[in-house]
Amino acid sequence: MDKLLLLGDEAVAQGAMDGGMSGIYAYPGTPSTEITEYVQASKYAQEQGIHRQWSANEKTAMEAALGMSYSGKRAMVCMKHVGLNVAADPFINSAITGVNGGMLVVSADDPSMHSSQNEQDSRFYGNFAMVPILEPSNQQEAYDMAYAGFELSERLQVPVLLRLTTRLAHSRSGVARRDVKPQNQGGLPANLRQFVLLPVFARQNYQRLITSQVPMEQASADSPYNQYEEGEDYKLGIIAAGIAYNYLKENFQDQALKHPVLKLSQYPLPHKLINKMLDECDQVLVIEEGYPFIEEHLKGFQEKGTPIKGKLDGSLPRTGELNPNHVGRAFGLDSQEGKAVPEIVQNRPPAMCKGCGHIEAYNALNQALSEYSQGRVFSDIGCYTLGALPPFEAINSCVDMGASVTMAKGAADAGLTPSVAVIGDSTFTHSGMTGLLDCVLENSPVTIVISDNFTTAMTGGQDSHALGRLERICEGLGVEREHIRVFRPTKKNLDEMTQIMREEIAYEGVSVVIPRRQCIQTMKNKKLVERVKELGL
Amino acid sequence: MKTDIVLAGVGGQGILSIAATIGMAALENDLYLKQAEVHGMSQRGGAVQSHMRLSDQPIYSDLIPKGSADIILSVEPMESLRYLPFLSPKGWLVTNTKTYRNINNYPDEQKLLEEIENCGQYIALNANDIASNMGSRRSSNMVMLGAASPFFQVPFESFKEGIRKIFARKGDKVVNVNLEALEAGRDFAEKNR
C-alpha cells in the first residue's frame with residue numbers, strides 16, 4: 001500500500017476508515033479536530049457514505065456512536081480531553097452496556113495546555129471505565145491502532161479508548177497503509193437487553209465487565225505495542241509509555257542504552273511484564289506524558305519495594321508536556337542548550353483578529369457596564385475568551401463549555417446583579433441551552449450575550465449548529481421575544497449597541513443580546529457566505 | 001545526515017506553507033520526516049513555531065532537543081530570537097527583518113538587529129522588500145526558504161520540485177513567481193553568508 005505524510009490525527013482517521021469505520025462523531029476541540037476534518041475531506045468517505053457530520057457536543061457524539069455500535073457497525077467518536085468530561089456519562093456506561101459493532105473513543109490530551117484549560121490525563125477515564133487503552137508512540141502506531149482497534153473492541157466486547165497527546169496529534173510523519181476493510185454489514189445485538197441498564201441487567205453486565213478484565217490484560221500482555229527490550233544493566237529498568245518512548249530513544253542514539261526497557265502502549269497494565277521489570281531491576285524509572293498514571297499504579301501493586309522514579313520524585317517534571325531534554329536530564333545527560341532568549345524578546349499572546357465582531361461587542365459591553373462595579377461578567381470557551389486580556393479585560397471567568405450562563409445565574413442567585421454571560425453561538429448550542437432554561441424557569445436577572453459569528457471559530461471555522469436558529473431556540477426555551485435583541489457589532493454601531501446592552505442589563509429578568517456578524521476568518525468559505533445570505537442573517 | 005529546523009513566526013504568517021515545501025522536498029529525497037505543528041489558540045496572532053526534522057535514519061522525537069537545531073528559519077525578527085535555546089552552536093539563524101507589530105511593547109528594531117548579529121552565523125534579509133521588488137508580495141515566505149536552503153542537507157533542486165508540486169494547482173504563473181522568490185533568497189544567502 002502507499003505511504004502518506006500524515007498528522008497523528010490524520011493517521012487515526014485514515015486508520016479508522018481503512019479499518020471499516022461506518023461513522024465518525026465529534027465536536028471540534030484542539031488537538032483532536034483534524035481527525036474528523038480529514039474524514040470530512042475524504043472522497044472515499046463520501047463514496048462509502050461514512051457518517052462525518054459534527055455533533056452538537058461530545059455527549060451527543062458519544063451516544064450516537066454507541067447507537068451505531070448497537071446497530072452492528074463500527075463507530076469512532078473523537079474529542080479533546082475535556083470533551084471526555086462532557087461525554088463521561090455515556091462513556092462510563094458504554095463499558096457496562098458493552099458494544100455490538102466495534103467502538104473507538106479517541107481522546108486527545110493537551111499537556112502544557114497549549115489550547116486548553118487543564119492538562120487532565122484521559123488514561124484515568126479509561127481505567128475508571130475499565131476498558132482497554134491504546135496510546136500510540138508515533139504516527140504509524142496511531143494508524144495501526146485505529147485500524148485494528150475496532151476488532152479489539154469487538155473481540156473484547158467493550159469500547160476501546162485511544163489516547164493521543166498534542167505533540168503526536170499535530171506532528172506529521174510517513175505512514176504506511178494496510179488493506180482496506182469493508183464496513184460491517186450491521187445487525188442487532190444477539191441479546192436485545194444488552195443495552196438496557198436497568199439494575200437487574202446492569203448487575204449482570206457489570207459482572208461481565210469485571211470478568212473480562214482478565215482477557216483485556218492478556219490482550220495487553222500479547223500486544224505488539226507492548227515490548228520488553230532486555231538490557232545488560234539491571235540497576236535501572238525503564239518503562240516508557242506512548243510518545244515518551246521516542247524521547248527516550250532520542251537520547252540514546254549516539255550511545256547504547258544498557259538498561260531494559262518496557263515500551264508500553266496498551267492498557268490495562270500488563271502486570272506480568274511490569275512485575276518482571278520490578279523483580280529484575282534495582283530501580284524503575286517511569287517516563288510517561290501526562291499525569292503519573294503508571295507510576296502511581298506501580299507504587300500500589302508491587303510485591304517487593306523496588307524504588308520507582310518518575311514524576312512523583314522529581315526525576316521528571318510534574319507538569320507540562322515531556323520533551324527530549326526532560327528525559328535526558330532524568331539520566332543525568334547534560335542538555336547543551338543554545339543561547340538564552342535575549343531579554344528584549346517580548347511575549348506575543350494570541351489576540352482577536354483585526355475586524356473581529358467580538359471586539360466591538362466587548363467595547364459596547366464595557367461601556368454599558370461602566371456604571372456598575374467590576375467583576376460581573378462570566379464567559380466561556382472560544383475566541384471571545386481572549387477578551388480576558390488587555391485592552392478589554394472584560395470577563396471574569398472561563399471554566400467549561402456553557403458555564404458562563406449557569407455561573408451568571410448562580411451569581412445572580414447570590415445577589416450579584418446585574419450578572420452577565422458572554423458565550424459564542426456554537427458553545428451555546430453545545431452546552432448553554434440547558435443553562436438558559438434554568439434561568440428562564442426562575443426568571444433570573446441575567447443578561448446572556450451570545451456573540452454570534454456563525455461558526456466554531458477557535459478550532460478553525462467548523463459548522464455551528466446554531467446557524468439560523470438562535471432566536472427560535474431562545475424563544476422556545478422561554479425567553480420573552482422583546483428581550484431577545486439582535487444587532488450588528490461594528491464600530492459605527494457602538495452607541496446603539498451600548499444602549500441596547502444598557503437596557504437589557506437593567507432589565508430584571510432573563511434577556512438575550514445577540515451581536516451578530518460573520519467571523520472574518522470564514523469569509524473565504526463560499527458555502528457559508530451563501531447560506532448566511534439565504535437565511536437573511 | 002540530518003537537518004533539524006525550527007520554523008518560527010506569528011500566527012497567520014503562513015509558516016506552514018514553508019513546512020509543506022520542505023516536507024515535499026524531503027519526500028523527493030526519500031528522507032524520513034517529522035514535523036510538529038502548532039494549531040489552535042496560538043494561531044490567532046500569537047507566537048507560533050514548528051519543529052521539522054529530516055534524516056536518512058529513522059527519527060524518534062517529534063521535538064528537536066535544545067541546542068541541536070541546524071537552522072532557525074523565522075519569518076519575523078523578534079520571533080527568530082525566541083527559539084535561540086534550540087540552536088546548535090554550529091547552527092544558522094535565518095530571519096526576515098520585516099517586523100510584525102501586534103503588541104504594544106514591541107522592542108526597538110535596531111536592538112533586535114544587534115541581537116541577531118550577535119548570533120554568530122546568521123542571514124538577515126527583508127524578504128518582504130525582495131518579494132515586493134519582484135512584484136510578488138505574497139511569496140516572501142519562499143524568499144525565506146531560499147535563504148535557508150544552503151544550510152539544508154537537501155539538494156536545492158528538491159525545493160524547486162516541492163514548489164512545483166505544492167503550487168501546481170494554482171497554475172504556472174504562481175509556480176514561477178515562487179521559484180523566482182526561492183532563487184532570490186538563495187542568492188542573498190550565498191552572497192551574505
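This is a predicted model: local features need pLDDT of at least 70, side-chain atom pairs count only at pLDDT 80 or more; totals for chains, interfaces and linings use all residues.
Residues are numbered from 1 along each chain as its sequence is written, chains are lettered from A and ligands numbered from 1 in the order in which they are written, and side-chain values use heavy atoms, with hydrogens and water left out.

Chain A carries domain 1 (3-211), domain 2 (227-330) and domain 3 (357-535), with bounds from an automatic or database domain assignment. The C-alpha centres of domains 2 and 3 of chain A are 48 Å apart.

Now the interface. Counting heavy atoms within 4.5 Å as contact, 46 residues of chain A touch 44 of chain B. About 3,900 Å² is buried between the two chains, 56% of it on carbon and sulfur atoms; that is accessible area (1.4 Å probe) lost on putting two parts together, summed over both. On the chain A side, A:Lys339, A:Ile344 and A:Arg348 lose the most area to chain B, together 20% of what that side buries.

How many salt bridges link chain A and chain B? There are 5, each a side-chain nitrogen of Lys or Arg within 4 Å of a carboxyl oxygen of Asp or Glu. One of them joins A:Arg172 to B:Glu37 at 2.9 Å, N to O.

Lastly, strand E7 (171-176) of chain A pairs antiparallel with strand E2 (residues 32-36) of chain B over 3 bridges. Strands here are DSSP runs of at least two residues, numbered from the N terminus, and pairing takes at least two bridges. There, A:Ser173 sits opposite B:Lys34.

Technical notes: Helices (H or I, at least four residues) and strands (E, at least two) are DSSP runs, numbered from the N terminus.
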